[in-house]
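Thanks, everyone. Let me put the sequence and the structure up, and then I'll walk you through a few parts.

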Amino acid sequence: MNYDLEMERQIQNLSEKKSLLLHACCAPCSSAVLERLTDYFDITIFYYNPNITDKKEYQKRLSEIKTFVQKLQKNNIKVLDGRYNPQEFFDMSKGLEEEKERGKRCYKCYELRLRETAQVAQKLNFDYFTTTLSISPYKNSNWLNEIGENLNFEYKPTYLYADFKKKNGYKRSIELSKEFGLYRQDYCGCIYSKLKRDKENNIQTSSFQGKLVNYYDIFFLKNSNFKKEINILLKFLEENNIKTILDVGCGTGEHDKYLKENNLKTEGIDISPDMIEYAKRKNKDIFYECLDITKNIPQNNYDCVIALSHVIDYQLTEEKAKAMIKNIYQVLNKDGFFYFNFYNLKGIIHHGLSYQEKTITDKEITIKRKSNATLNSKNILDLEYFYYIQDKNKNININIKEQISCFKMENIIELLEKHNFKIINIFSYLKDNLDENDWNIGIICQKK
Ligand SMILES: C[S@@+](CC[C@H](N)C(=O)[O-])C[C@H]1O[C@@H](n2cnc3c(N)ncnc32)[C@H](O)[C@@H]1O
Ligand code: SF4
C-alpha cells in the first residue's frame with residue numbers, strides 16, 4: 001500500500017484545518033514533516049521517547065526541537081513534552097535486547113510511542129495523530145502504518161497515514177537540518193542502537209582516531225610531504241576546473257583548510273566524531289558531518305571526491321570498499337572525479353614489514369612512535385603503535401592497535417570499473433610515475 005497517497009487522500013478530504021498531534025523523535029525528522037503538513041493542520045509536536053535511554057541525549061533532542069520550532073515562527077506549531085521514564089522502554093524491550101535494528105524490538109518501540117500519542121491525542125481532543133518516524137530510511141513504514149491503523153479502532157482521533165520518506169522527504173530533512181544547523185544524531189535512540197553505533201565506530205575507526213586526534217596534524221601532516229601533496233592536488237583541481245569537493249574521511253580537516261584558502265568549496269565527512277569535532281573547530285566556515293561513507297550518501301553533489309591517507313583501507317571487507325565506491329559515485333556530478341590513495345598489497349609485501357621508530361618534534365611537543373606490523377592471511381595489516389608524547393611538561397603514552405586492508409591494485413581497478421568509473425591516472429603517491437612495487441598508490445578516476 002502506498003501510505004503517502006493514502007495521506008494525500010485524507011488531506012484532500014479535509015474541509016478545514018484540523019488539529020494534529022504529531023509524535024516526533026528529533027528536530028531533523030520534524031523539519032520536513034512540518035513543512036509538508038503545516039498548511040493543513042494545527043500541529044502539536046509530541047515528544048514522547050522513553051526509548052532515548054541516555055538522559056542527556058534525550059534532552060538535547062528535545063531542546064533542539066524547541067529551538068527549531070521557535071526559529072520557524074509559526075503560531076500554529078507547538079511542542080508538548082511527554083513523560084520521560086526510560087524504564088517504560090526497558091520493560092517493553094525485555095528479552096529483545098539482542099534484536100537487530102528494524103527487528104521485533106523496534107516494532108514494539110514504535111507501538112509504545114504511537115499508543116501513547118493516540119492516548120494523549122484522545123485526552124486532549126485532537127482530530128488526528130501520527131508520527132514523523134516514517135521519514136527515516138531505517139524505519140519500517142509498513143509496520144508504523146499497521147500499528148497506526150490498529151490504534152484507529154481503539155481511540156477516537158483519526159490516524160493520519162504517512163510515509164514521509166516519499167517525495168524526497170528524507171533528503172529534504174537533511175537539507176533543512178543543514179539550513180537551520182540542526183543537530184543530527186547518528187544512532188536511533190536506545191542503548192542497544194547506541195552500543196551498535198559505538199561498536200561499529202570502534203571497528204571502523206580503530207581507537208587511533210579518538211586517542212591521537214590532538215597530535216594527528218603534528219605527527220602526520222606537518223612535514224614537507226604534506227605541502228607537496230597539497231600542491232599536486234591543487235594543480236589537479238585547477239587543471240580540471242574543479243570547484244566543489246567532498247573530503248571523505250577528512251580527519252582533522254587539514255587538507256580542507258588549504259582547499260578553502262584556494263577558493264574551493266569544500267565539505268567534509270568522517271566516521272569519527274572526534275575528528276569531526278576537531279575539524280569543525282579548525283575550519284569554522286566549512287560544513288562537516290559525522291557520517292560513515294559506506295552507509296550514508298551525503299546530500300550535496302560535488303565535482304570531485306577526495307579520500308586521502310588511505311581512507312579506503314579502513315574498509316576491512318571488500319563489501320565495505322564496494323559500498324564506499326558506490327556511494328562516492330552517487331555524490332559526484334556528471335564527469336566528476338574520485339581522487340584517493342591506498343595501500344598496495346604488492347608494495348607492502350615487497351618492502352617487507354618490520355619494527356619501525358619515528359620521532360617528530362614541533363615547538364614544545366615531541367612525539368616518538370614505535371610500531372609493529374604483521375600481514376594476516378586476509379591481507380589485513382595488524383598494526384600496533386606505541387606513542388610517547390612529551391607535550392610541554394606533560395608525558396602522555398598512547399598504545400594503539402588497528403587494522404588496515406591492503407588491496408591488490410588489479411582488484412581496486414576492477415572495483416572502480418565495475419562501479420562505472422574510468423581510470424584517468426594511477427601513480428606512485430607523491431611521485432611522478434608508477435612503480436608497481438610502491439606501497440602507496442594514488443588513483444584518479446572519473447565518473448563515466
Ligand atoms: C588516516 S585518516 C586520514 C585523514 C585525512 N584524510 C588525512 O589525509 O589526514 C583516515 C580517516 O578516515 C576515516 N574513516 C575511516 N572509515 C571511514 C568511513 N567508512 N566513513 C568515513 N570516514 C571514515 C577515519 O575516521 C579517519 O579519520
Ligand atoms: S533501535 Fe530505535 S526503534 Fe529500535 S528499539 Fe531502539 S530506539 Fe526503538
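**A hairpin, a sheet and a ligand shell**

So, strand 11 and strand 12 (residues 365-375) run antiparallel, with seven bridges joining them. Two strands pair if DSSP finds at least two bridges between them.

Before I go on: this is a predicted model, where local features need pLDDT of at least 70, side-chain atom pairs count only at pLDDT 80 or more, and totals for chains, interfaces and linings use all residues. Residues are numbered from 1 along each chain as its sequence is written, with chains lettered from A and ligands numbered from 1 in the order in which they are written.

Back to the hairpin. Threonine 359 sits opposite lysine 368 in strand 12. Two residues lie between the strands, and lysine 363 has a positive phi near 50°.

Next, the open sheet: five strands, order 3-2-1-4-5, parallel pairing. Strand 3 (77-81) and strand 5 (158-159) are the edges, each pairing on one side only. Strand 2 (residues 41-47) runs parallel to strand 3, with five bridges, and phenylalanine 46 has leucine 80 in strand 3 as its bridge partner.

Which helix gives the most to the shell around ligand 2? That's helix 5, with three residues. Helix 5 (104-123) and helix 8 (191-205) each supply at least two. Among the residues surrounding ligand 2 are Cys106, Cys109, Cys188 and Cys190; a residue counts as near if its C-beta atom, placed from the backbone, lies within 6 Å.

How values were computed: Helices (H or I, at least four residues) and strands (E, at least two) are DSSP runs, numbered from the N terminus.
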